[in-house]
Amino acid sequence: MPLSLSTRAVGQVTIIRCSGRIVAGNETESLRSHVNGMLLERKHFVLHLGEVSFVDSSGLGTMVRLLTSTRQSRGDLKLCNVPQSIDKVLKMTNLTRLFETHESEESAISAFYQKRAASEQAAAPGRPVVCIHPDNDVLAYLRELLRKGGFDVHTSTSMKDAIVLIRVTRPDLVLLGPNPNLTPSPASRQAFDHACRGIRMVELGSEFSSLEAGEAASQLLENIQTRLKEKAD
């Protein structure tokens, strides 16, 4: 079965869901080029191996090389949902001492943020903000705008992933896009509302993405400051 890769960003962590076999040839080359191609912009990766049926020695070697590459780029690579057969191989080869493994994506993401928080205690990072919007271009704009404003920004196109980010970052503010697909079910909305309890929220109207950029920035920053002041009061 050929290897297929599905990638999504959860804040500052990149999840790569692998399905098939990680073996010598096109499969290992595909995985290596996929991760290396993102290293200029992304540093922290999670390989979800729950749908991987087989890994050969070349595949393990590729994973080791990718771990080395991410750490040389001042990032890291963790594993999650490792099948029992592959976990057995990792133990037999003593690679469990090298790779950090987790039972779920959420656990792996949380581990990245816990490590990040510990390393930044003395750095006094900006106030955390989580942005949720279905358009990656809008998220890119929000990241740059808010980072320049001194905020610590975390973004997602998925409501499910955003709930994880909210839990691990405990933001001062959540910016929520207008697309109803962000709330696919009443259960998801309930989980989201529970995660956001006590956190101020700014809802981005459907017109936000079509406003003149300067006008959109001015209105948003003013709205954010108002909401944060309300929280302080």
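Val129 stands opposite Val153 in S7. The structure is a predicted model, in which local features need pLDDT of at least 70 and side-chain atom pairs count only at pLDDT 80 or more, while totals for chains, interfaces and linings use all residues. Residues are numbered from 1 along each chain as its sequence is written, and side-chain values use heavy atoms, with hydrogens and water left out.

Helices (H or I, at least four residues) and strands (E, at least two) are DSSP runs, numbered from the N terminus. Two strands pair if DSSP finds at least two bridges between them.

**The sheets.** S7 belongs to an open sheet of 4 strands with the order S7-S6-S8-S9 and parallel pairing. Its edge strands, S7 and S9 (200-203), each pair on one side only. On average, neighbouring strands here are turned by 20 degrees against each other, direction ignored.

An open sheet of 5 strands has the order S1-S2-S3-S4-S5, and its pairing is mixed. S1 and S5 (101-102) stand at the edges with a single partner strand each, so one side of each has no neighbour in the sheet. In S2, Ile22 stands opposite Val55 in S3.

| Strand pair | Sense and bridges |
|---|---|
| S6 (residues 128-132) and S7 | parallel, 5 bridges |
| S2 (residues 13-22) and S3 (residues 44-55) | parallel, 9 bridges |

**The helices.** Axes are lines fitted to C-alpha atoms, for helices over the stretch in contact, and angles run from 0 to 180 degrees between N-to-C directions. Contact means heavy atoms within 4.5 Å. H5 lies across S6, S7 and S8 (173-176), at about 170 degrees to S7. H1 lies across S1, S2 and S3, at about 175 degrees to S2.

H1 (residues 26-36) also packs with H2 (residues 57-72) at an angle of about 10 degrees, the axes being 10 Å apart. The two helices are therefore roughly parallel (angles under 35 degrees count as such). Among the residues making the contact are Leu31 and Val35 of H1 and Leu66 of H2. By class, the contact has 3 nonpolar, 7 polar and 2 charged residues. Ala, Val, Leu, Ile, Met, Phe, Trp, Tyr, Cys and Pro count as nonpolar, Asp, Glu, Lys and Arg as charged, and the others, Gly among them, as polar.

**The pocket.** The largest pocket is lined by 22 residues, and Ala9, Gly11, Thr14, Arg42 and Arg143 lie nearest its centre. (On a 1 Å grid over the protein atoms alone, a pocket is an open set of points with protein on both sides within 12 Å along at least five of seven lines; lining residues have an atom within 4 Å of a point.) S1 (4-10), H5 (136-148) and S7 (152-156) each supply at least two lining residues. The lining has 4 nonpolar, 11 polar and 7 charged residues.

Key: Parallel < 35°, antiparallel > 145°, perpendicular 65-115°, else oblique. 1 Å grid on protein atoms, 1.4 Å probe; cavity = no way out; pocket = protein on both sides within 12 Å on 5 of 7 lines; lining within 4 Å.
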